[in-house]
Amino acid sequence: MDLLLASLVDGFLLGFIYGIAAMGLTLIWGVMNVINLSHGPIIALGMFTTYLLFMSLGIPPYIGVLLAAVIGLILGVIIYLIAVQRVIDAPHLSSLLATFAVNMIIIGIGTAIFTTSPRNVDFRLGALTLGSITLQYTRIIAALIAILVTGGLYYFLYRTRLGKYIRAVANNRSAAELVGIPSNRVVAISFGLGTMLAAIAGALIATFLPFTILAGGTYETKSFVISVLGGLGNPVGALIGGLILGLLEGIIPAFTQTTWVPVIEFVLFVIILLVRPNGLFGAKE
């Protein structure tokens with residue numbers, strides 16, 4: 001029971017970070033119906049941003065998270081303008097191939113520069129002990145930052161003018177343009193926000209787990225599972241889906257080998273697609 005409880009708490013904390021990674025994916029889909037296959041490499045870039053700033057310049061990892069967010073936002077807008085803008089209204093295969101090309105470019109350049117050797121941010125803050133449960137402060141702080149990012153995103157989407165523009169474009173782009181909303185600019189910012197969330201997730205993961213330039217692919221597939229679980233286009237559902245996946249990853253190793261974790265995750269993925277294609281919480285208009 002002690003092992004199970006510790007694993008559940010650990011998985012719950014990790015679930016918040018999974019949630020914001022999936023939010024980036026589902027936000028881009030909700031606004032422009034584009035599946036971003038460059039999501040994984042962006043997560044990896046967030047990891048390496050924190051790593052390089054800390055190891056080379058001594059910048060604390062949590063300051064590095066802020067810089068990773070800025071870099072992710074700018075890079076997302078650039079990717080949209082160069083690779084996605086011209087195919088946004090084309091069949092889905094075109095946008096898939098465009099973002100997959102960006103995926104391969106980032107991985108190719110990253111592998112040439114960093115190789116595929118594991119890296120880690122050598123940063124420790126100690127641990128919190130509650131009875132039989134021991135929690136690393138780095139995981140607790142990462143989860144708290146993920147909660148703050150989620151709250152900030154919710155406030156931005158529902159309380160600011162630009163956020164309302166984004167929701168209007170997501171709901172009906174043509175109608176939004178008729179009332180004077182600059183949809184192209186809004187879509188570019190939305191893509192930037194989606195990549196920013198991916199970069200933040202990667203930067204947070206790097207504070208307590210080792211990684212390589214290829215590590216983002218694992219979290220990208222988890223983001224797809226979470227997005228389908230919570231409902232594509234529903235950022236709040238993505239957070240709940242992330243918590244569910246995190247709890248599953250906490251429960252499963254307590255009863256069986258960890259190698260079964262991805263198997264059970266993708267079985268769940270297929271079952272949800274068959275039973276509730278819109279996700280457990282549906283897409284939010």
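Author: Helix H4 covers residues 92-114, and at 1.5 Å a residue its 23 residues should span 33 Å; the end C-alpha atoms are 32 Å apart, which agrees. The expected span here is 1.5 Å times one less than the number of residues. Helices are DSSP runs of H or I with at least four residues, numbered from the N terminus.

This is a predicted model, in which local features need pLDDT of at least 70 and side-chain atom pairs count only at pLDDT 80 or more, while totals for chains, interfaces and linings use all residues. Residues are numbered from 1 along each chain as its sequence is written, and side-chain values use heavy atoms, with hydrogens and water left out.

The buried residues of H4 are Ser 95, Ala 98, Thr 99, Val 102, Asn 103, Ile 106, Gly 110 and Phe 114. Buried means under 20% relative accessible area, exposed means over 50%, and partly exposed lies in between, with a 1.4 Å probe and protein chains only. An α-helix has 3.6 residues a turn, so residues three or four places apart point the same way. Helix H2 (39-57), helix H3 (61-84) and helix H9 (216-230) are among the elements that cover the buried residues of H4. After H4 comes Thr 115, which has a positive phi, near 60°.

Now the covering helices. Thr 49 is a residue of H2, and its relative accessibility of 14% is why Thr 49 counts as buried. Apart from neighbours within four places in sequence, Thr 49 is in contact (heavy atoms within 4.5 Å) with Gly 64, Ala 68 and Ile 71.

Two packed helices are described by the angle between their axes and the distance between the axes. The axes are lines fitted to C-alpha atoms, for helices over the stretch in contact, and the angles run from 0 to 180 degrees between N-to-C directions. For H2 and H9, the axes come within 7 Å and cross at roughly 130°. H2 is therefore oblique to H9; angles under 35 degrees count as roughly parallel, over 145 as roughly antiparallel, 65 to 115 as roughly perpendicular and the rest as oblique. On the H2 side the contact is made by His 39, Gly 40, Pro 41, Ile 43, Ala 44 and Met 47, and on the H9 side by Gly 216, Gly 217, Tyr 219, Glu 220 and Ser 223. By class, these are 5 nonpolar, 5 polar and 1 charged residues. Ala, Val, Leu, Ile, Met, Phe, Trp, Tyr, Cys and Pro count as nonpolar, Asp, Glu, Lys and Arg as charged, and the others, Gly among them, as polar.

H3 also packs against helix H8 (residues 183-205), at an angle of about 140° and with the axes 7 Å apart. That makes H3 oblique to H8, and H3 passes H8 in a right-handed crossing. The residues of the contact of H3 with H8 divide into 18 nonpolar, 5 polar and no charged.

Conventions
Helix = DSSP H or I, 4+ residues; strand = E, 2+ residues; numbered from the N terminus. Left-handed = near helix turned anticlockwise from the far one by under 90°.
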